[in-house]
Amino acid sequence: MHRDTPRVVIVGAGIAGITMAVNLRNKLHHDNFVIYEKAGSVGGTWRGCGSDVPGHWYSLSTEPNPYWQNYYITQPEIRAYWEDIYQKHGLASHTVFNTRVKLVEWDEENGVHNLTLEDVVSGQITQTQAEAVIQAVGFFTTPMYPDIPGRDKFTGPLWHSSQWRHDIDLKGKAIRTQFIPVIAAEPTTRIINFCRTPQWFAMRINYPYPEWAKWAFAHVPFLIYAYRSFMMITGDLLWNIFLANSPVSTVFKKILTWYMQRTAPAKFHDKLIPTYPPGCKRLILDSNYLAALHQPNVDLNWTGIQEIVEDGIVLKTGDKVPLDAIIFGTGFYLAERDVAFRGTGGHTLKHYFESDGGYYGTVFPGFPNMFTIVGPNSASAHASLIFIIETQVNYILKLMKPIINDKVKSLEVTQKATTYYNTWIQKRMASTIFLSCFSYYRGDNRTGAKNVATFPGMVSLYWWIMRKPRWDDFKVVGGEQWFYQRKKVALTNYALVGLMVSIVGYNFSTLWKFIPELKERLLSGIL
């Protein structure tokens with residue numbers, strides 16, 4: 001550990017953590033960092049998983065992949081892509097696996113974060129320190145189970161989708177699951193999908209890229225970037241469907257209704273088609289789920305579950321449903337995390353995730369030198385999360401640069417700036433459809449008064465407001481001279497711009513005065 005430069009800790013070796021580490025090395029040329037990951041490897045292992053964002057936009061702008069097999073990519077391709085980046089940039093020597101960060105606490109006197117670590121294999125607890133910490137664990141890390149009694153009574157295999165049991169053979173079994181298309185391909189597996197609320201499904205048009213297209217993406221200059229930009233622009237226009245009373249939303253609802261009625265069995269239409277506007281919950285691109293409902297080994301059940309028993313479940317009607325396995329596809333907690341963060345004055349990060357929100361979803365009052373990727377109101381309901389992550393990472397690098405270069409000891413966003421930003425967020429949110437139903441957008445209880453997950457606007461707007469820091473919104477410790485110099489440079493630039501505008505305006509007005517005289521002379525010469 002070279003303590004001659006500030007030490008940086010990245011929590012999580014997923015997409016956000018890898019992106020942060022790569023950019024920390026390449027753009028700030030900083031090598032004194034460590035990634036702590038509670039799992040034994042990078043990435044995830046969900047069965048039948050894939051992206052609902054096109055592959056060329058679900059990848060880093062600095063690491064384009066011209067060889068995606070299809071328009072929409074699946075888990076094996078996604079995992080291989082990120083593992084290649086991880087190896088290419090030599091991040092293995094900076095990563096500690098099987099290590100959970102339990103507590104991050106700011107030491108104001110010494111200007112460092114004190115971290116409590118746990119070895120998930122041995123249970124050993126250790127302590128470490130860092131000048132800066134980046135939380136890169138993302139939204140979907142802590143599994144959420146429904147509040148149904150008896151889960152510990154079930155004698156068969158039971159698991160959450162994020163912790164898939166690859167050791168379980170589902171052939172010939174009756175199971176409760178929401179991963180129908182992949183599992184239902186085995187006709188001896190009987191699936192009962194217990195549902196609580198309906199979701200909107202849209203047609204998923206997927207197709208393979210021909211070899212000539214892959215060659216062109218790899219060899220024609222800037223083509224892959226132009227294609228990616230086209231995806232962003234056209235995708236960002238979908239934002240209009242989230243506006244309340246939007247004609248676009250009305251038309252979109254009719255299209256989705258038509259698709260679901262055409263694809264799903266008629267006996268499920270009344271229950272399956274929602275009454276709330278599309279986009280209030282995360283829109284689902286249909287991966288043959290609706291078509292799979294026609295299979296004889298698949299059934300839907302909308303009756304509420306009373307309890308889980310040893311060999312199945314008991315419905316609220318009193319009927320018992322025997323089951324061999326139970327798989328939960330019930331989402332994740334947003335505010336509840338494995339990591340506890342404590343700042344100055346007793347602040348906890350969970351409080352900001354649950355109610356107050358953050359500043360650009362990235363920094364929080366009371367947490368100096370602590371940065372979050374995919375924080376409150378930073379996710380997108382319609383576009384690529386990778387684009388959001390890259391936008392936040394670039395913003396964080398700008399904030400971290402004076403810390404890395406020992407120009408300042410710590411940076412902390414002000415409460416005033418955070419309150420102002422969140423007032424603006426909620427004002428924009430009021431004109432959307434996000435509070436028209438219960439969803440994870442509204443926090444861990446799904447019924448909160450605010451949307452705490454998504455940004456209320458186009459991702460291009462999010463990029464615009466984060467293109468450079470507003471340094472006046474931050475409190476600086478140990479770098480007052482640097483801060484003063486930045487303000488001095490900024491004021492000088494504003495003065496120069498003002499002077500140039502004045503000169504151009506003066507010259508234009510002078511020229512304008514001569515136009516009538518010049519016109520008269522020209523006319524006189526002609527006559």
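Modeller: Before we start: contact here means heavy atoms within 4.5 Å. Also, this is a predicted model.

Colleague: Fine. Which residues does Lys214 touch, then, leaving out those up to four places away in sequence?

Modeller: Lys214 touches Pro66, Tyr67, Trp68, Gln69 and Tyr209, with residues up to four places away in sequence not counted.

Colleague: Where does Lys214 sit, and is it buried or exposed?

Modeller: Lys214 is part of helix α4, residues 211–219. Lys214 counts as buried because its relative accessibility is 4%, and buried means under 20%.

Colleague: And how far is Lys214 from Phe139?

Modeller: In sequence they're 75 residues apart, and in space it's 33 Å from C-alpha to C-alpha.

Colleague: Switching topic: salt bridges. How many does a search of the whole structure find?

Modeller: Eleven salt bridges turn up in that search. One of them pairs Lys88 with Glu63, where the closest N and O atoms are 2.9 Å apart.

Colleague: What parts does that pair tie together?

Modeller: Lys88 is in helix α2 (residues 75–88), while Glu63 is in the loop between β2 (33–36) and α2, so the bridge ties together parts 25 residues apart in sequence.

Colleague: Buried or exposed, those two?

Modeller: One of each. Lys88 is exposed, with a relative accessible area of 58%, whereas Glu63 is buried at 12%.

Colleague: OK, what about Arg100? Which residue does its side chain meet in a salt bridge?

Modeller: That's Glu118, at 3.1 Å from N to O. Arg100 belongs to strand β4 (residues 99–107) and Glu118 to strand β5 (residues 112–119), so this pair ties together parts 18 residues apart in sequence. For Arg100 the relative accessible area is 25%, so it is partly exposed. Glu118 counts as buried, at 18% relative accessibility.

Colleague: Which partner does Glu105 have?

Modeller: Glu105 forms a salt bridge with Arg342, and the closest N and O atoms there are 3.9 Å apart. With Glu105 in strand β4 and Arg342 in strand β20 (residues 340–342), the pair ties together parts that are 237 residues apart in sequence. Both ends are partly exposed: Glu105 at 32% relative accessibility, and Arg342 with a relative accessible area of 43%.

Colleague: On to the greasy bits. How many residues are in the largest nonpolar core?

Modeller: It has 133 residues, and Met20, Ile373 and Met400 have the most contacts inside it. Helix α10 (residues 385–404) gives the largest share of that core, twelve residues.

Colleague: What does Met20 touch, again skipping residues up to four places away in sequence?

Modeller: The list is Ile10, Ile134, Ile373, Val393, Ile396, Leu397 and Met400.

Colleague: Why does Thr263 count as buried?

Modeller: Because its relative accessibility is 14%, and the cut-off for buried is under 20%.

Conventions:
Residues numbered from 1 in each chain as written. Predicted model: local features only at pLDDT ≥ 70, side-chain atom pairs only at ≥ 80, totals over all residues. Heavy atoms only, no water. Core = buried A, V, L, I, M, F, W, Y, C linked by side-chain atoms within 4.5 Å. Buried < 20%, exposed > 50% of the residue type's maximum accessible area, 1.4 Å probe, protein only. Helix = DSSP H or I, 4+ residues; strand = E, 2+ residues; numbered from the N terminus. Salt bridge = Lys/Arg side-chain N within 4 Å of Asp/Glu carboxyl O.
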